[in-house]
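This report covers packing in a single model.

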Amino acid sequence: MGSLGEFGPISDKKDFNEIYKLAKKWHCDVAVVYFLENTNKRLAVITGKKIGNAVVRNHSRRVIKSIFYSLRNEISCGEYIFIVKSKISQTNFSQIEKSLKWALKRLGAIK
């Protein structure tokens with residue numbers, strides 16, 4: 001199922017609203033991370049137009065998905081939403097990875 005292994009996309013508006021309402025949330029330097037623990041394995045990465053042009057937004061999404069994929073064996077089942085902050089374009093990969101790992105640990109999403 002896609003490049004993220006078992007993790008599928010979240011695409012329905014009512015699913016987003018439910019996750020926003022019920023999930024644990026953590027702000028890190030580069031994103032706001034929502035985690036709702038359940039049996040589903042789904043992921044969404046949201047980049048707003050404040051992030052930059054389409055190239056920068058797509059790059060930001062790819063970086064976050066790459067980090068998420070590298071952690072796939074440590075991550076708990078559930079639904080994840082990453083809302084990317086504009087600071088991500090000035091941050092290097094290792095700092096983004098460290099920040100996201102910390103956020104996922106704080107949310108209890110890493111086994």
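Which residues does Ser99 touch, not counting those up to four places away in sequence?

## Ser99

Ser99 touches Cys28, Asp29 and Val30 once residues up to four places away in sequence are left out. The model is a predicted one. Ser99 lies in helix α3. Its relative accessible area is 10%, which is under the 20% cut-off, so Ser99 counts as buried.

## Nonpolar cores

The largest nonpolar core has 26 residues. Val33, Tyr80, Phe82, Leu100 and Leu104 are the members that touch the most others in this core. At least two core residues come from each of β3 (31–36), β4 (41–46), α2 (54–70), β5 (78–84) and α3 (93–106). In soluble globular proteins, nonpolar side chains tend to be buried together.

Leu104 can be followed in detail. Not counting residues up to four places away in sequence, Leu104 touches Val33, Leu71, Ile75, Tyr80, Phe82, Ala109 and Ile110. Of these, Val33, Tyr80 and Phe82 are also listed among the residues with the most contacts to other core members.

## The α2–α3 pair

How are α2 and α3 placed relative to each other? Their axes come within 10 Å and cross at roughly 55°. This angle falls between the limits of 35 and 65 degrees, and α2 and α3 are therefore oblique to each other. The crossing is right-handed.

On the α2 side, the contact is made by Val63, Ile64, Ser66, Ile67 and Ser70. The α3 side contributes Phe93, Ile96, Glu97 and Leu100. Sorted by class, the contact holds 6 nonpolar, 2 polar and 1 charged residues. Leu100, in this contact, is also one of the residues that touch the most other members of the largest core.

Ser70 belongs to helix α2. With a relative accessible area of 41%, Ser70 is partly exposed. Ser70 and Glu97 are 27 residues apart in sequence, and their C-alpha atoms are 9.8 Å apart in space.

Val56 is also in helix α2. Is Val56 buried or partly exposed? Its relative accessible area is 28%, so Val56 is partly exposed. Apart from its neighbours within four places in sequence, Val56 contacts Ile51 and Ser89. Val56 and Asp12 are 44 residues apart along the chain, with their C-alpha atoms separated by 25 Å.

## Ile10

Ile10 sits in the loop between β1 (8–9) and α1 (13–22). It has a relative accessible area of 7% and is buried. Beyond residues up to four places away in sequence, Ile10 touches Asp15, Phe16, Ile19, Arg42, Leu43, Ala44, Glu79, Tyr80 and Ile81. From Ile10 to Glu37 the separation is 27 residues in sequence and 14 Å in space, C-alpha to C-alpha.

## Ala109

Ala109 is placed in the segment after α3. Its relative accessibility is 0%, so Ala109 counts as buried. Which residues surround it in contact, leaving out those up to four places away in sequence? Ala109 touches Phe35, Glu74, Ile75, Ser76, Tyr80 and Leu104. Ala109 and Lys24 are 85 residues apart along the chain, yet their C-alpha atoms are separated by 9.8 Å.

Methods. Residues are numbered from 1 along each chain as its sequence is written. This is a predicted model: local features need pLDDT of at least 70, side-chain atom pairs count only at pLDDT 80 or more; totals for chains, interfaces and linings use all residues. Side-chain values use heavy atoms; hydrogens and water are left out. A nonpolar core is a set of buried Ala, Val, Leu, Ile, Met, Phe, Trp, Tyr and Cys residues joined through side-chain atoms within 4.5 Å. Buried means under 20% relative accessible area, exposed over 50%, partly exposed in between (1.4 Å probe, protein chains only). Helices (H or I, at least four residues) and strands (E, at least two) are DSSP runs, numbered from the N terminus. Contact means heavy atoms within 4.5 Å. Axes are lines fitted to C-alpha atoms, for helices over the stretch in contact, and angles run from 0 to 180 degrees between N-to-C directions. Angles under 35 degrees count as roughly parallel, over 145 as roughly antiparallel, 65 to 115 as roughly perpendicular and the rest as oblique. A crossing is left-handed if the near helix is turned anticlockwise from the far one by less than a right angle, and right-handed if clockwise. Ala, Val, Leu, Ile, Met, Phe, Trp, Tyr, Cys and Pro count as nonpolar, Asp, Glu, Lys and Arg as charged, and the others, Gly among them, as polar.
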